[in-house]
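Q: I have a model open and would like to learn how to read it, from the overall shape down to single side chains. Could you walk me through it?

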Amino acid sequence: MSILLVELETSGHHITSYLRSVVNYLSNKNKKIILLKSADIKKKDYYIIFTKKIEYPINKNYFNLLKFQFNYYENIKKSFEKIIKKNDIDHVYVNTIDFFDKPISILGSPFKEVKFSALYLNPKFYKNFTYLSQNFFKKNIYEALFRRLINIKSLDNLFFVDPLCYQYLKNQETKFNKICYVEDLGTGNIEKKIILKKKYCRKILNINEKDFIILVYGKIRLNKCLSELFAVLKYINNQNKIKILIAGEQDEMTKIYIKNKLKRSKYLRNKVIIINRYIPDKMEHIIFRASDLTWTGYSKDFYGSSGVFFLSCLNRIPVITSDHGVIGWYGKIFKVGKSVDLENKTKLIKTINAIFKKKIKYNFNEVNKKHNFINFGKKISRQLSKSL
């Protein structure tokens, strides 16, 4: 039995957590695995077929995003037509359907009659928007497209990591028997890693032992609310010890923003440590072990989950989250930090001071037991096996 895995993203949690978790479990089940992707990955248990990378638009207006999605769809469709000529494919698993959810809803499956399953990371159709607002009409369009997607006959499973979206769908009068909830996760499996000491990790990163490190990690974009974090830095108690470590690839707009902020402020230049590149597993572990607090702040237009949140919990580092969307919900459910309105400077300063003074107790065991590398891959792989 053979399964085709589709993931054209070359870095980040799409590859290092979601896909790797599924692959590790499927590999142990003696399934023939073929991977369609656009960059190299080290693994000997499956065949790799490469295709061109469809670049995400820098100018993220609606037209450019839609054009990106249709180009992405056409690339996958053409690649599949070549693959199916030389390989018998029993099932297709799309690791990130978000990149072409609109065209697949309109044009149908790019995998002909072959059954497929997909992971839907950041659905927007279930959000509550004000009546007569522009977003309200978008919501109706998104929901109509979702219903077309879920009704594609060859779609077997649609996986969600968003518990609020899953609950929304379960409460609908229409029964969506193809949907499946799977708990989100952080990168990798820390249980199999050597736990390095904080002192050693800070020495590698050239960070003072006495500093208090606030980590901003992952794909560094403007919606991670760096401006709100920069704005309160001067008002934190014992601010001389506070440093911000920004680790991960910055998109172009964020790179320009950070460069300009540091250029204008000598204070920030002395406070901000930057690692602007993709972070491999070992360095990721070093970065988290060297940190004291993880920042998972997001702007009001971001409602999705965050792999960085779970990665921080995995490393037993407290988290500050926004107070809205799924990330805010996680912050309130799991006692691993604080959820706060990032636009409220007084509350944000008070929250960081409380964490700095170690006045808050945390319970990482519950979240790590549910949201981990093994459970994610096992749940999806078992569901896929039913389709093979």
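**Reading the fold, step by step**

A: Residues 24 or more positions apart account for 71% of the contacts in the chain with a separation of 6 or more, where contact means heavy atoms within 4.5 Å. This is a predicted model, in which local features need pLDDT of at least 70 and side-chain atom pairs count only at pLDDT 80 or more, while totals for chains, interfaces and linings use all residues. Residues are numbered from 1 along each chain as its sequence is written, and side-chain values use heavy atoms, with hydrogens and water left out.

Q: How many helices and strands does the chain have?

A: The chain has 15 helices and 13 strands. Helices (H or I, at least four residues) and strands (E, at least two) are DSSP runs, numbered from the N terminus.

Q: What does the radius of gyration say about the chain?

A: The radius of gyration is taken over C-alpha atoms, and the globule rule is 2.2 Å times the number of residues to the power 0.38. For 388 residues, a compact globule would have a radius of gyration near 21 Å, and the chain agrees with its 21 Å. The C-alpha trace spans about 65 × 55 × 40 Å along its principal axes.

Q: And what share of the residues count as buried?

A: Buried means under 20% relative accessible area, exposed over 50%, and partly exposed in between (1.4 Å probe, protein chains only). By that rule, 55% of the 388 residues count as buried. The accessible surface of the chain is about 19,300 Å², with 50% of it belonging to carbon and sulfur atoms; such areas come from the Shrake-Rupley method with a 1.4 Å probe, and for residues only the protein chains shown count as cover.

Q: Which residues touch the most other members of the largest nonpolar core?

A: In soluble globular proteins, nonpolar side chains tend to be buried together. A nonpolar core is a set of buried Ala, Val, Leu, Ile, Met, Phe, Trp, Tyr and Cys residues joined through side-chain atoms within 4.5 Å. Here the largest core has 53 residues, and V92 and F309 touch the most other members. Helix α2 (residues 62–86) gives the most to this core, with six residues. Apart from it lies another core, of 29 residues, including L229, I244, L348 and I360.

Q: What does V92 touch, beyond residues up to four places away in sequence?

A: V92 touches L4, V6, F80, F111, V114, K115, F116 and S117.

Q: Now to charges. How many salt bridges are there?

A: A salt bridge is a side-chain nitrogen of Lys or Arg within 4 Å of a carboxyl oxygen of Asp or Glu. The whole structure holds eleven of them. K198, R202 and D292 are linked in a network of salt bridges.

Q: Are D211 and K243 buried or exposed?

A: Both are buried, and their side chains meet in a salt bridge (3.2 Å, N to O). This pair links distant parts of the chain, 32 residues apart: D211 is in the loop between α6 (198–205) and β8 (212–217), and K243 is in strand β9 (residues 242–247).

Q: Which side chain makes a polar contact with S305?

A: A polar contact is a pair of N or O atoms within 3.5 Å; within protein, one must be able to donate a hydrogen and the other to accept it, and residues adjacent in sequence count only if both atoms are side-chain atoms. The partner of S305 is the side chain of D184, at 2.4 Å. S305 is found in the loop between β11 and α11 and is buried, with a relative accessible area of 14%. Leaving aside neighbours within four places in sequence, S305 is in contact with V161, D184, F310, V326 and Y330.

Q: Which residues of helix α12 are buried?

A: In α12 (residues 325–333), V326, I327, G328, Y330 and G331 are buried. What covers them includes α5, β7 (179–181), β11 (293–296), α11 (307–314), β12 (319–322) and β13 (337–340).
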